[in-house]
Amino acid sequence: MGAADDRVRDEVDAMAAAWERDGLPPSVITLTMLSKRVARLNQMFEHAARAELVEIGLTYAEFDVLAALRRVGEPYRLRPSELARSLYLTSGGTSNVLQRLTKAGYVEREPNPGDARSRWVQLTPDGLDIAETALNAVIRSHGEAMAGVPEEALHRAADALREITAVVGRRRYR
């Protein structure tokens, strides 16, 4: 048995064996393994976070908007189009989330004196409080989801994914 045979295995390895048996080229198998593992990790993170967010009374999309506004710093505001771009949401999806957050009193929409065609979306004091609460809950849930994974493995994975997203992220898709 070589070093490669001693590796930790997951459910994607079983899929890869079937793809190999079906004659898929190794490059396709590698890309599909990456895609499946990234999707699975995202699913694990979101599942853990959603459970915490439900307790706070937020959806994941609402959390994303609150966290994006918090992340830009004071005065915690962006244009709806900037929010949509930064969160990879459609303008319609962003609008729906903003309506719910406005109704809850977590954001307010103000005219943009520099551009009459646009408005600002800004965290209210209650919005900043709930954003902080939610962020701490999500951080805790992500930590619990990754419990037992060596810190060095997390760093290697994050670095490898940065290398990939730096190239792929520059592309435009239909």
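**Entry 1: pocket lining.** I sorted the lining of the largest pocket by class: 26 nonpolar, five polar and 13 charged residues. The model is a predicted one. I then looked up the lining itself, which has 44 residues. Arg-37, Val-38, Leu-41, Ala-157 and Leu-161 lie nearest the pocket centre. I noted a volume of about 1,900 Å³ for this pocket. Which elements give two or more residues to the lining? I found α1 (11-21), α2 (26-56), α6 and α7 (151-168). The largest share is from α7, with twelve residues.

**Entry 2: α2 and α6.** I turned to the packing of α2 with α6. Their axes come within 8 Å and cross at roughly 145°. I recorded the crossing of α2 past α6 as right-handed. On the α2 side I listed Phe-45, Ala-48, Ala-49, Glu-52, Leu-53 and Ile-56. They meet Ile-130, Thr-133, Ala-134, Ala-137, Val-138, Arg-140, Ser-141, His-142 and Ala-145 of α6. By class I got ten nonpolar, three polar and two charged residues for this contact.

**Entry 3: α3 and α6.** I next checked helix α3 (residues 60-71) against helix α6 (residues 125-145). The axes are 9 Å apart, and the packing angle is about 110°. From α3, the contact uses Phe-63, Leu-66 and Arg-70. From α6 I noted Gly-127, Leu-128, Ile-130, Ala-131, Glu-132, Ala-134, Leu-135 and Val-138. The class count here is eight nonpolar, one polar and two charged residues.

Technical notes. Residues are numbered from 1 along each chain as its sequence is written. This is a predicted model: local features need pLDDT of at least 70, side-chain atom pairs count only at pLDDT 80 or more; totals for chains, interfaces and linings use all residues. Side-chain values use heavy atoms; hydrogens and water are left out. Axes are lines fitted to C-alpha atoms, for helices over the stretch in contact, and angles run from 0 to 180 degrees between N-to-C directions. Helices (H or I, at least four residues) and strands (E, at least two) are DSSP runs, numbered from the N terminus. Contact means heavy atoms within 4.5 Å. Ala, Val, Leu, Ile, Met, Phe, Trp, Tyr, Cys and Pro count as nonpolar, Asp, Glu, Lys and Arg as charged, and the others, Gly among them, as polar. On a 1 Å grid over the protein atoms alone, a cavity is a set of points where a 1.4 Å probe fits but cannot get out, and a pocket is an open set with protein on both sides within 12 Å along at least five of seven lines; lining residues have an atom within 4 Å of a point. Grid points are joined across faces, edges and corners, and a volume is the space filled by probe spheres set on the points. A crossing is left-handed if the near helix is turned anticlockwise from the far one by less than a right angle, and right-handed if clockwise.
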